[in-house]
Each structure stands twice: as C-alpha cells, then as structure tokens.
Amino acid sequence: METFSFRHKAERRSAGTKAQAIVGVVASGNLEVLVERNLPDTECHVEVSTPIAGFGPVWEAVVADFVERRSPGGLKLSINDGGARADTVALRLAQAVRLIEEDVR
Amino acid sequence: MASWQKAQAARNARLQAGAKFAKGKIVQAADATVLLEAVIRPGDRVCLEGDNQKQADLLAAALAAVDVAKVHDLHMVQSGVVLAEHLDLFDKGVAKRLDYAYSGPQSTRIARMLFGGKIELGAVHTYLELFARYFVDLTPHVALIVAVSADRDGNLYTGPNTEDTPTVVEATAFKDGVVVAQVNEIVDKVPRVDIPGDRVHFVVKSDKPFYVEPLFTRDPGAVTETQILTAMLAIKGIYAPYGVKRLNHGIGFNTAAIELLLPTYGERLGLKGKIATHFALNPHPTLIPAIESGWVQQIHAFGGEVGMEDYVRARPDIYFTGADGSLRSNRAFCQMAGLYACDMFIGSTLQIDLSGNSSTVTASRIAGFGGAPNMGSDPHGRRHPSEPWLRAGKEAEPDTPAMLRRGRKLVVQIVESFGDKNVPTFVEKLDAIELAEKLGLELAPIMVYADDVTHIVSEAGIANLLLCRNKDEREQAIRAVAGYTDVGRKRDKRLVQQLRERGAVRWPEDLGIDPLDADRSLLAARSIEDLVHWAGGLYMPPSRFRNW
C-alpha cells in the first residue's frame, strides 16, 4: 500500500454548502473519493491510498490538473484506490466536486 | 514432349487415393485423418480454413492426427491461427512454414513457438493481402474448408458464415488443388448454393456443429465512462465535421460505445441521416439500437455473428441476404468494400508511438491483425470523390491544386491512454520493433502505419494529424492526447497550446464536451438484455452473455 499527500493552493472557494460527499466504489480498477469541506477557502488537500506502487508522478499530475481545472478551494479529498486508471481518477475527482457543489446548481 | 497438365495429373492421383475412403464424395468423420493422409503430400501448401470467426475444427483435429511419416513439412497458408490444433501441427512436425493473418487466442503460444524456432514464419498479413497471394504465389494444394450443409454432389451451404470460403475455394479448385469440406449435415437439397459442388471433392460430416467465436459481441454492461467520453469526442469531433456516412468500425468497446451513442447523443446533435448510414461491418449486436432507430441504411458483412441470425433475416433491407433469407457474408468483398468504398476506419489498438505507428503486438503476444491494417489504410487506387475524403485531403495538403489533390481516407485510432492493468497505450518505442529484432524479421509487425493514421482519439482529446505540418508538431499532437502516461506528461505545453488554437489538437473543452456528461445513461442499451429488447426478441445472445 502506497500513500500520497498533496497540498495545493486553489484559486477560489468551492461553491455550495454541503459538508461532505462520497463517489465511486473501492473495487478493482475503480476508486472511492470522500470529499469534505473543512479547510481554509484557498486550500485543497488530496490524500491517496493505493495498492499499486510506482504511480507517484501520475497521481501528482492528475491532482495538479484537477486543482487547476475545478478550483476545489476549502476541500479535502481522500482517495481509496482500487488500482484505477488515471482517467478514472480524474473523472471521480471531478464527480466528487460536482456532488459537494450540488446544492447550488 | 513437354506436358502442360502435370498439376491436373497430380490432382487426379490425389483424388484417386482419397476416393478409397469415400462413398461418392462423402467421407465418414472417422476416416477424416486417413483421407487427409491420402490427398496431402509432404511440403504441400495447405489452407486450413479458420478466421477470427468460424473454424474447420474437425479437419484441424484430423490433420493434427496424421502420421508424420506420411504427411510432414506442410506450408500452412491460412487466415487464422486460432485453435490449439493449428499450433499442434508445428509441434508435431506435420507443418513447418506459416503464412497467416490473425492469431488472437493463440497469441502467447505462437510467440513462444516463434522464439523457439518451431515455426518458420513467412509473414503476418492482412486478410486481403493473404487472399491476394492465394492467387499468385501461395496457392493452396489442398484446402480444408467448413460449411453448414452439403448435398451429395458437394454443393455447399455456408449459412451466415460464408466468410473466407469462396475465396479459398476459388484459388484452390481452379488451380488443380483438392478441396475437402467438413459440414454439420448432409441434406438432399441445400438451402442455397454458396459453393458449387464441382469445386468440392470430398465432404466429411462432422458430429457436432463447427465452432464460431462471437468475436463481435460487446456487452454494453461493460462499457466504461471513459469509453463513452471517447465516443462523444469521436462523434462530435470527427463524424460530424467530416460528415462520415460510409465507414467501418473496429471490434473494441470504444466503437461499441459509439454505436450505442448514435440514437442518444448523436440524435441530440441532430446527426441522424448525416453520419453512419452505410457500413462494412459484421452484424454487431451493439448496432441494433441505431438500426432500429432508423440510422442505418445498409451493411455488408465480413462474417456472421452468433445469435444475430434471426435478427438479420428479419432486416433484409439493411443486410445482404440470400434466397434462403439468411445473411450472406464474404470477407474478401467486405474487406474490399472497407478499403475502397468507406471514408473512415475507426478502431482501437494496444500501442501507439510518437509518430503514430500502432501495433497490437506486445513483447510476449503476437495477436496478428485481422482486418484492421487493411481497413486502416489509405488506398491509393481510389478515384471517386466524397465529402469526407476531399475534406481530409484538403486538410493534409492545402497548397496542392484541388483538381490534382488526392483525397484521404480517415483512419482513426480510438484508445484510452492507459490500457488493461494500467499499461500505457502511448509509448516511445513499439514492442513490435523489439520483437521483430529478436525474431530476425525484416519488418516490424505494424498494424496501422503512421502515414495512414489521420486522427487519434483518447479520453484526453483528438489529435488531427492531417493538420500537423512537421514531425515535431505530430509528436506534440500525439503527446497532447496521451493523457497522464509518461509520453503525455512530457508534452511541450506551449506547442500544444498552439496546436489547440489551430484545431490540430482538440481537448474535450475545445469541443464543448464536459467529461462529467460521459455517463452510462447515454447508452441506448446498457446490457445485453436491453439489446434483446431493442431487437424485439430476434437477437439470441450466446449463453455466456446471458446473465439475467
């Protein structure tokens, strides 16, 4: 099991007021993302726990792109990975933000 | 005095030797091996029929059982190396040399045997290329073919799975070769004559129906959101702007997703009647919703597909059918149709390099090619214009005078940046090159060459290689759609931005596509059961696909 912790500055606070949301499932080739609104408005933390070693640079790139595109300020995202591919990770992260912002859409 | 009938005399001798085991043309299954020992000579070129769909399985087993003292060193010239027996022939010394096209299920073992020197490899061909050589320098001495039924005169009914048979028989029977057919049953009158009896010398009745692989059945239940995203990108970014009506789809889940998105996403984009109306395509179950929704006008098929028989029979306006009502497929003609009459091939692959060469060969697997390298090539013999062909030609060569400018066939590779087990699809160097070096081949087994590829679609976007003006731009366009692979992460951000501004790279947002909209609810059918409903119960999926 490998773990990563990414700390980013976000452009702006994520919309909505929901305190937390969860998407995905921990299954082979998939992942679960728990998102919580418990950080200062311009911070975003992503914690990763994955059974597949050696993908550090991929995780780093996926998370950096995610923060740039979705500006998830104030959110902490915890990933429980089941060996998902990068495209699936990017999709679940975006889905998690959409879900926690749901009440303003 | 010179004799001009040596081959005829040799055939007559073979037929005489075989006649001992036949009653008329009919041979008992138990005598199949002795028949083959009688009609095959050491060193013969033998076509053992089998492709990526149907298999002459009884004759394959019979040939694998011959006495090696009598039959050895054969040169196998066949579409598919698919059954274990096909390779047993080489292990036992019955066969020595191999020219073929496809080896999907035996890809690992064939690689091992090539490395071990058990097989002398001629070449890995495209189907049409191998068929062409049947008429020039690889004409079979003996063809072992397969059909549904035969009458006592040897007239054959191949049913929906005609596939390669007419081509193999044409080359063998008219050049003094011997044709042996295995059939499921002997009847008084065949439902239709697919192969005339005077081209068939012996008929062996099998105890069980010949094997057919449902290779073109994709379960909608297994289509992922990423595949749906690639399908949305392809429809909106390629089918729509080029107005692609005449096309061929590959076998993968990405193109299955496209088929399932036509009546939903395609409909919403107002594309019905403007794209995807005429296909060179097997009877893909995933195309049923589009057919039922009135999208598709005509389909010519390479082969049949298990479970689609009744559906096809009930839709003769769409499919080619015979006097008996069932599908008439023909691989050679359909390959030709895909080559010359289609404006686009879109299919998947396992590896793509920085120039755009692609291959399904990896370090330990030689899967062969099937139809893709032929479908996925731009035929220089084409002369008739069409909108997509002209437009693609103009994009590639804007400065050539229009009257002298060749059009271009759209050759699209649709992939996900990472494949199974997180193996990257985009690579600096293809495994195929390493493999060719290890085997001492003169050519790496490339499925689609870089100079034929026009677009690469991945979940990260579309690279339009027609709009790339030099090697550097091409490489960066490919990196731009290589996602988070090593190749993708090494892209030059500034150059990629320029390519996006020119439309040579289009990311989802450049096409107004939000990846979050790539949802399974977009699929016109979400399960095999849904497909059965769409078909009004006429589609009968094989048991392995029935899970309800």
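**Entry 1: the two domains of chain B**

I began with a term I needed: domain bounds come from an automatic or database domain assignment. I also noted that the model is predicted. For chain B, the assignment gives domain 1 as 21-205 and domain 2 as 220-529.

**Entry 2: H6 and H12 of chain B**

I stayed with H6(B) and looked at how it packs with helix H12 (residues 331-340) of chain B. Their axes are 10 Å apart, at an angle of about 125°. H6(B) and H12(B) are therefore oblique to each other. I wrote down a left-handed crossing for the way H6(B) passes H12(B).

Which residues make this contact? From H6(B) I listed B:Tyr127, B:Leu128 and B:Phe131, and from H12(B) I listed B:Arg331, B:Ala332, B:Gln335, B:Met336 and B:Leu339. By class, I have six nonpolar, one polar and one charged residues in this contact.

**Entry 3: H2 and H3 of chain B**

Here I looked at helix H2 (residues 32-39) and helix H3 (residues 57-64) of chain B, which pack at about 70° with their axes 8 Å apart. Angles of 65 to 115 degrees count as roughly perpendicular, so H2(B) is roughly perpendicular to H3(B). The crossing of H2(B) past H3(B) is right-handed.

On the H2(B) side I found B:Ala32, B:Thr33 and B:Leu36, and they face B:Leu58, B:Leu59, B:Ala62 and B:Leu63 of H3(B) in the contact. Six of the residues in the contact of H2(B) with H3(B) are nonpolar, one is polar and none is charged.

**Entry 4: H16 and H18 of chain B**

Are helix H16 (residues 471-480) and helix H18 (residues 493-502) of chain B parallel or perpendicular? Their axes cross at roughly 90° and come within 9 Å, so H16(B) and H18(B) are roughly perpendicular to each other.

I noted B:Glu473, B:Gln476, B:Ala477 and B:Ala480 in H16(B), meeting B:Leu495, B:Val496 and B:Leu499 in H18(B). The class count for the contact of H16(B) with H18(B) is five nonpolar, one polar and one charged.

**Entry 5: chain A against chain B**

Last, I turned to the contact between the chains. How many residues does each chain bring? Chain A gives 14 residues and chain B gives twelve. On the side of chain A that touches chain B, helix H1 (56-70) and helix H2 (86-100) of chain A each supply at least two residues. H2(A) provides the largest share of that side, seven residues. By class, I counted eight nonpolar, three polar and three charged residues on this side of chain A.

Notes:
Residues numbered from 1 in each chain as written. Chains lettered and ligands numbered in written order. Predicted model: local features only at pLDDT ≥ 70, side-chain atom pairs only at ≥ 80, totals over all residues. Axes fitted to C-alpha atoms, helices over the stretch in contact; angles between N-to-C directions. Helix = DSSP H or I, 4+ residues; strand = E, 2+ residues; numbered from the N terminus. Parallel < 35°, antiparallel > 145°, perpendicular 65-115°, else oblique. Left-handed = near helix turned anticlockwise from the far one by under 90°. Contact = placed C-beta atoms within 7 Å. Nonpolar A, V, L, I, M, F, W, Y, C, P; charged D, E, K, R; others polar.
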